[in-house]
Amino acid sequence: MGQLAGKTAVVVGAASGIGAAIATLFAREGAQLALLDLAEDALGEVSARCRGAGAEVFASAVDVASGPSVEEALNAAAKALGGIDIVVNSAGILDETPLLDMTTETWERTLAVDLTGVFHTSRFAAPHLIARGGGRIINVASQLGIKGGVGLSHYVAAKAGVIGLGKALALELAPHGILVNTIAPGPVETPLIGALSEEWKAAKRRELPLGRFGRPEDIAPTALLLATSPGGDLYTGQTLGPNSGDVMP
Ligand SMILES: NC(=O)c1ccc[n+]([C@@H]2O[C@H](COP(=O)([O-])OP(=O)(O)OC[C@H]3O[C@@H](n4cnc5c(N)ncnc54)[C@H](O)[C@@H]3O)[C@@H](O)[C@H]2O)c1
């Protein structure tokens, strides 16, 4: 029996990278899955992989920046799968923009996807978790939300916001039996950091105590811990850092 047998998990940002690895691991552990992402084609591939691992899968194209589209997708997922127990927020965008080149539009889009997206998912999933008598919300922020980063003021502000939002929701939702936690990874080899220069990556690797970037498969087990019982039972309002030793809070 898998560790998530009988559980239904929504993974937002499931089409690529960390979200795809979490969806795949959760499928192997017996969860039923609702997979949401903006990238419809890639979502189809990940859905097929999860079905291959034995999961029942509901998939829907969603822009997390749009509250109504998130609400509609979550309601449809709950109807299709019979409820929601676990929500993982892994959708995100990243670009390097120095403050002096930052337009309000760039700032607002990053905040809309990376922070407001987490609010939308939490806001519209919470009634479904409450209906089940409890559940788990697991948000993927970034260690940059703790340590800051040059040319990333919009991303850093959004990720620091996700860490703060996680603490506020942990307090507010504890009476409903909902545990809310944040994963703040260090650099992970995914398309998200594809635009960063090889020079930057090589310098960053040298800086890391463990000397290497993570792979999505290195991050997924932290989400599994937070999603399962008894391993995750005493974590709420916490920020876990699978980060190659880059940040030691
Ligand atoms: N890769 C890293 O180094 C790293 C480090 C720390 C934190 N993170 C965070 O991890 C999360 C996952 O990133 P990743 O590295 O797997 O990147 P990724 O680009 O591989 O995956 C991100 C996913 O989010 C989806 N997405 C983007 N905008 C969306 C929107 N508006 N609505 C719905 N889906 C949308 C993309 O289509 C993609 O499938 C992100 O929140 C990212 O900020 C990544």
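What follows covers the ligand site, then the pockets and the cavity.

A bit of housekeeping: this is a predicted model, so local features need pLDDT of at least 70 and side-chain atom pairs count only at pLDDT 80 or more, while totals for chains, interfaces and linings use all residues. Residues are numbered from 1 along each chain as its sequence is written, and side-chain values use heavy atoms, with hydrogens and water left out.

Start at the ligand. It has 30 residues around it, and Ser16, Ile18, Asp37, Tyr155 and Thr190 come nearest; "around" here means having a heavy atom within 4 Å. Helices H1 (17–28), H4 (104–131) and H6 (153–173) each put at least two residues into this shell (helices are DSSP runs of H or I with at least four residues, strands are E runs of at least two, and both are numbered from the N terminus). Sorted by class, the shell has 18 nonpolar, eight polar and four charged residues. Ala, Val, Leu, Ile, Met, Phe, Trp, Tyr, Cys and Pro count as nonpolar, Asp, Glu, Lys and Arg as charged, and the others, Gly among them, as polar.

Now look for polar contacts, meaning pairs of N or O atoms within 3.5 Å. A side-chain N or O atom of Ser16 is 2.5 Å from a ligand oxygen. Gly17 uses a backbone N or O atom, 3.4 Å from an oxygen of the ligand, and Gly92 also has a backbone N or O atom 3.4 Å from a ligand oxygen. The protein covers 93% of the 820 Å² of accessible area that the ligand has on its own (Shrake-Rupley method, 1.4 Å probe).

On a 1 Å grid over the protein atoms alone, a pocket is an open set of points with protein on both sides within 12 Å along at least five of seven lines, a cavity is a set where a 1.4 Å probe fits but cannot get out, and lining residues have an atom within 4 Å of a point. The largest pocket holds about 1000 Å³ of space. Its lining has 48 residues, with Leu94, Tyr155, Thr190, Leu192 and Ile193 nearest the centre. H7 gives the most, with four residues.

Finally, the largest cavity holds about 40 Å³. H4 gives the most to its lining, with four residues, and the lining has no charged residues.

Conventions:
Polar contact = N/O pair within 3.5 Å; in protein donor to acceptor, adjacent residues only side chain to side chain. Points joined across faces, edges and corners; volume = space filled by probe spheres on them.
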